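Hi,

Here is the structure I promised to send over. Have a look at it first, then read my notes below.

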Amino acid sequence: MSSDAGHSEIQGSRLLATCLLGGVVLAVSVVGFFLVYPPQRSFGIWRRRKKKPIRVYMDGCFDMMHYGHCNALRQARALGDQLVVGVVCDAEIIANKGPPVTPLHERMIMVSAVKWVDEIIPDAPYAITEDFMKKLFDEYNIDYIIHGDDPCILPDGTDAYALAKKVGRYKQIKRTEGVSSTDIVGRMLLCVRERSNSDSHNHSSLQRQFSHGHSQKFEDGGSGSGTRISHFLPTSRRIVQFSNGKGPGPDARIVYIDGAFDLFHAGHVEILRLARGLGDFLLVGIHTDQTVSANRGAHRPIMNLHERSLSVLACRYVDEVIIGAPWEVSKDMGKDNPYAVPISMGIYKLLESPLDITTSTIIKRIVSNHEAYQKRNEKKAESERRYYEDKTYVTGE
């Protein structure tokens with residue numbers, strides 16, 4: 001009996017030793033595994049999900065919003081995971097730059113519709129004050145404040161982003177050359193001036209000058225409004241940057257809407273939002289400069305075809321565009337009514353924008369207050385001239 005008990009005790013000791021040895025071997029194996037494959041590599045996906053998103057902030061007036069604004073927001077979004085945009089209030093714009101063409105509620109609609117924007121802050125200050133910067137960091141969890149490489153100087157001569165730079169929370173992006181709100185207003189002022197000076201102009205020639213930002217006085221060395229020849233050069237790379245990069249699914253309900261979409265505004269955004277709500281994929285046809293001029297008047301469009309295309313592509317409701325779409329939506333392209341075929345097929349629907357804003361509305365705002373905008377443009381034109389003379393290269397564009 002005692003012999004059997006002793007034998008069992010020995011066997012138990014051996015079993016315990018084996019278990020302990022196995023545990024040690026397992027522990028060593030696990031440690032070795034993590035030494036060879038650290039957690040950040042082997043469980044990188046899990047760690048990224050747990051990581052706090054990088055939130056970046058960019059502010060602006062976003063008056064007469066154009067593809068240059070949209071490209072700035074695209075670049076800013078690329079520097080983080082979430083983009084928060086501050087829209088400067090009307091009073092601050094008047095105090096620092098002059099009267100805005102589009103009021104705050106319209107500018108809010110425009111900024112909210114840009115596909116790279118995650119959140120917006122209304123009534124943002126023109127300058128980053130210490131109190132507002134603290135609010136950005138503490139309440140909005142902002143990691144970095146973003147601005148373009150063009151200087152933003154306050155009336156007192158100081159840098160609007162000096163505080164953000166001082167605390168090391170400032171990042172810079174490249175300004176989109178070839179367009180600015182000042183330039184667009186200048187195009188409209190050019191139209192007003194040329195039409196008032198003489199009615200004997202070749203309207204077709206004036207339309208080409210107008211939609212490409214040409215000012216004959218400026219090119220000849222005269223005073224003019226400071227409107228430059230447009231530096232905009234459309235490239236496939238820029239179009240790809242603005243595109244969604246995917247087509248409709250096999251069973252998608254495709255909605256088509258066409259138009260000039262000149263001076264892309266809040267009324268356009270709202271009509272595109274309604275159109276997108278009718279299906280799964282929104283295809284937008286954008287008419288050529290010649291088509292717009294023939295149907296809307298000799299001095300239209302203000303923005304050329306590629307400028308208008310990029311503005312539409314930046315809208316979150318748009319999935320794809322046809323650059324240079326035909327006026328007639330028909331099989332043989334020969335009907336008097338451009339929508340005759342879709343009407344006959346029962347697939348035509350007329351949408352009314354909930355906002356009473358058209359491109360003509362924007363132009364009339366400029367015309368009715370053109371003296372104030374002329375003064376504003378002369379001041380801004382000088383700062384833009386200095387930017388082009390002193391600009392430096394910024395990566396990430």
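P301 sits in the loop between α14 and α15 (helices here are DSSP runs of H or I with at least four residues, strands are runs of E with at least two, and both are numbered from the N terminus). A cis peptide bond joins R300 to P301, with omega at about 0 degrees. As background, most peptide bonds are trans, and most residues other than glycine have a negative phi.

Before going on, keep in mind that this is a predicted model, where local features need pLDDT of at least 70, side-chain atom pairs count only at pLDDT 80 or more, and totals for chains, interfaces and linings use all residues. Residues are numbered from 1 along each chain as its sequence is written, and side-chain values use heavy atoms, with hydrogens and water left out.

Two residues other than glycine have a positive phi worth a look. One is D123, with phi near 55 degrees, and D123 is part of strand β3. D123 is partly exposed, because its relative accessible area is 47% (buried means under 20%, exposed over 50%, and partly exposed in between, with a 1.4 Å probe and protein chains only). The other is L263, where phi is near 50 degrees. You'll find L263 in the loop between β6 (254-259) and α13 (266-276), and its relative accessibility of 7% makes it buried.

Now the sheet. Five strands make an open sheet, in the order β3-β2-β1-β4-β5, and the pairing is parallel (two strands pair if DSSP finds at least two bridges between them). At the edges are β3 (119-124) and β5 (170-173), each pairing on one side only. From one strand to the next, the twist averages 30 degrees (axes are lines fitted to C-alpha atoms, for helices over the stretch in contact, and angles run from 0 to 180 degrees between N-to-C directions). If sheets are new to you: strands pair through backbone hydrogen bonds, either parallel or antiparallel.

Let's zoom in on β1, which covers residues 55-60. How many of its six residues are buried? Six of the six are, so the strand is mostly covered. In a regular strand the side chains alternate between the two faces of the sheet. Here R55, Y57 and D59 point one way from β1, while V56, M58 and G60 point the other way.

On to the neighbours of β1. Six bridges join β1 to β2 (residues 82-88), and the two run parallel; G60 has V87 as its bridge partner in β2. Three bridges link β1 with β4 (residues 144-148), also running parallel, and there Y57 stands opposite I145. Four bridges connect β2 to β3, again parallel, with V84 partnered by E119 in β3.

There's also a right-handed β-α-β unit, built from β1, helix α4 (residues 67-78) and β2. Right-handed means that, with the strands pointing away from the viewer, the path from the first strand over the helix to the second runs clockwise.

Next, salt bridges: a search of the whole structure finds 11 (a side-chain nitrogen of Lys or Arg within 4 Å of a carboxyl oxygen of Asp or Glu). Here are three of them:

- R365 and E106 form one, with the closest N and O atoms 2.7 Å apart. R365 is in helix α17 and E106 in helix α6 (residues 104-112), 259 residues apart, and the pair links distant parts of the chain. R365 is partly exposed at 22% relative accessibility, whereas E106 is buried at 5%.
- K165 and D159 form another, at 2.6 Å between the closest N and O atoms. K165 is partly exposed at 40%, and D159 is partly exposed at 26%.
- R308 and D289 meet at 2.7 Å, N to O. R308 lies in helix α15 (residues 305-313) and D289 in helix α14 (residues 289-296), so this pair ties together parts 19 residues apart in sequence. Both R308 and D289 are buried.

Last, the surface. Which residues make the nonpolar patch of about 290 Å²? They are I343, Y348 and L350. Patches are made of residues with over 30% relative accessible area and no salt bridge, joining like charges within 9 Å and nonpolar side chains (Val, Leu, Ile, Met, Phe, Trp, Tyr) within 5 Å. Accessible areas come from the Shrake-Rupley method with a 1.4 Å probe, and for residues only the protein chains shown count as cover. L350 is in the loop between α16 (340-344) and α17 (359-368), and counts as exposed because its relative accessibility is 59%.

Cheers
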